Amino acid sequence: MFLRKIKIPVFFAVAAYLIFLSLTAGIPPLNKTEKKYPLVEKPTSEISRKAAIPVQSDTSLIQERKVNQFLPMKKCDGYQNAETGEKVVALTFDDGPFNKYTGKILEILKEHNVKATFFLVGEYVTYYPVLTKKIHKQGHVLGNHSFSHPDFKKITTDEMKKELNKTSREIKKVTGKYPLLFRPPYGHCTDSVNHTVNHLGYTIITWSVMTDDFCPDAKAVKIKEDILDKVHPGAIIGLHDGGGDRTKTLKALPGIIEEIREQGYEFLTIPELLNIEPYK
Ligand SMILES: [Zn+2]
């Protein structure tokens with residue numbers, strides 16, 4: 001009888017534990033390793049971004065929507081391109097520094113003598129300080145792309161401030177430069193995002209030319225074609241050096257640079273293109 005009395009509670013405890021395990025099976029663990037998983041800008045965010053572009057009678061906007069389905073939301077209070085007729089463009093890279101891809105992009109840029117602008121994820125700066133230093137040393141400009149890549153539309157202003165401050169402090173710690181350029185993750189802005197970011201002294205930089213190089217099934221040829229189709233005077237071109245497998249971006253990059261140059265364009269960094277200060 002005594003044994004039986006023990007067994008029943010043990011049975012319930014084991015059953016409860018098994019139910020708990022089955023309920024939590026799909027929840028990823030929150031640990032350091034999990035955070036290292038690639039931060040991929042999923043195509044779904046691009047679709048919602050496209051849908052979120054307000055319908056206006058502004059003809060320039062309608063024109064832009066035709067040429068570029070990856071335009072960031074118009075709500076971002078900053079720059080998505082330079083207003084110029086001159087054949088100048090800026091190459092920008094998001095979501096790094098990231099493993100071997102950023103290093104290889106640096107090699108390609110060096111080979112082609114191009115200076116670009118890198119919008120860094122703060123958390124990755126903590127993982128790759130040497131790579132961060134290398135980007136800076138090679139003469140490229142460093143911008144802030146938040147610390148953990150959240151959707152700024154979904155976080156509080158306090159969280160936004162932390163994301164911005166932590167990243168800029170980390171970049172300053174590694175390179176000695178405190179960035180003033182900010183690219184919101186997914187290109188998402190609201191009035192509150194604009195106000196908070198601008199109030200902290202940052203300039204918001206989005207893009208006017210982007211392709212789907214962040215998608216796992218992207219093709220190098222298509223990436224190149226997309227960029228070449230959409231390039232225009234004053235364009236800010238968005239590519240990705242981090243957040244996932246960027247082999248296709250690497251493969252497309254030399255051709256993108258060579259053919260844009262052949263069209264008579266000059267590559268500038270964002271502060272050169274917009275005549276603004278990159279650092280505090
Ligand atoms: Zn991003």
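**Close-up views of a predicted model**

View 1. The model is predicted: local features need pLDDT of at least 70 and side-chain atom pairs count only at pLDDT 80 or more, while totals for chains, interfaces and linings use all residues. Residues are numbered from 1 along each chain as its sequence is written. V231 sits in the loop between α10 and β8 (helices are DSSP runs of H or I, at least four residues, and strands runs of E, at least two, numbered from the N terminus). Leaving aside neighbours within four places in sequence, V231 contacts V89, V209 and I260 (C-beta atoms, placed from the backbone, within 7 Å).

**View 2. Helix α11, residues 247-262.** The 16 residues of α11 reach 24 Å from first C-alpha to last, close to the 22 Å expected at 1.5 Å a residue (1.5 Å times one less than the number of residues). A kink of about 30° lies at L253, shortly before P254 (the angle between axes fitted to the seven residues ending there and the seven starting there). Buried residues of α11 include L253, I256 and I260. The buried residues of α11 pack against β2 (88-96), α5 (99-111), α10 (220-230) and β8 (236-240). G264, with a positive phi near 95°, follows α11.

Conventions: Buried ≥ 20, exposed ≤ 12 C-beta atoms within 10 Å, placed from the backbone. Contact = placed C-beta atoms within 7 Å.
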